[in-house]
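This report is meant for someone meeting the structure for the first time.

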Amino acid sequence: MEVPFNVMLEEVWSTRKNIVIMGDLNSDLSLKRQEAVESHLSRRLTHILNTYGLQCVIREPTRISDKTQTLIDLIIVSHAESITTAGVTHLGISHQSFVYANEKRKIHW
């Protein structure tokens, strides 16, 4: 039985202080696509992220082809202020690019 994303997120959100979600969610957060299904999925994901105070720290397209540019490889965090750098590196070996983020951490001794 599959558990919906928002149900899993509710459980994690209620038990963790710091949330980091990374992956190819196949939901274009650039909101530039005109297809009704894609726009619906993007709006739905954006609504879920807003509900839990989460932000995507990747801001540029992560999948680039001759016809489209989409932001589908995401790094979503609960504390964007803790991210020192985030970005996309276009390697040229695939339509999809490498995404990265660095998080500042306190070391407790």
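Predicted model: local features only at pLDDT ≥ 70, side-chain atom pairs only at ≥ 80, totals over all residues.

In soluble globular proteins, nonpolar side chains tend to be buried together. In this model the largest nonpolar core has 20 residues, and those with the most contacts inside it are Leu 29, Leu 54, Ile 58, Leu 74 and Ile 76. Helix 2, which spans 36–51, supplies at least two residues of this core, as do strand 5 (73–77) and strand 6 (83–89). The largest share, four residues, comes from strand 5.

Rolling a probe the size of a water molecule over the atoms shows where empty space is left.

| Pocket | Volume | Lining by class |
|---|---|---|
| Largest pocket | about 250 Å³ | six nonpolar, three polar and one charged |
| Second largest pocket | about 220 Å³ | no nonpolar, four polar and five charged |

The lining of the largest pocket is made up of Pro 4, Phe 5, Asn 6, Leu 25, Asn 26, Ser 27, Leu 41, Arg 44, Leu 45 and Ile 48. Helix 1 (5–15) and helix 2 each supply at least two residues of this lining, and the largest share, four residues, comes from helix 2.

Around the second largest pocket stand Asn 18, His 79, Glu 81, Ser 82, Glu 103, Lys 104, Arg 105, Lys 106 and His 108.

**A salt bridge**

Side chains of opposite charge can pair when their charged atoms come close. How many salt bridges does a search of the whole structure find? The search finds one, and it is formed by Glu 103 with Arg 105, whose closest N and O atoms are 3.2 Å apart. Both of these residues also belong to the lining of the second largest pocket. Glu 103 has a relative accessible area of 26% and is therefore partly exposed, whereas Arg 105, with a relative accessible area of 63%, is exposed because that value is over 50%.

Methods. Residues numbered from 1 in each chain as written. Heavy atoms only, no water. Core = buried A, V, L, I, M, F, W, Y, C linked by side-chain atoms within 4.5 Å. Buried < 20%, exposed > 50% of the residue type's maximum accessible area, 1.4 Å probe, protein only. 1 Å grid on protein atoms, 1.4 Å probe; cavity = no way out; pocket = protein on both sides within 12 Å on 5 of 7 lines; lining within 4 Å. Points joined across faces, edges and corners; volume = space filled by probe spheres on them. Nonpolar A, V, L, I, M, F, W, Y, C, P; charged D, E, K, R; others polar. Salt bridge = Lys/Arg side-chain N within 4 Å of Asp/Glu carboxyl O.
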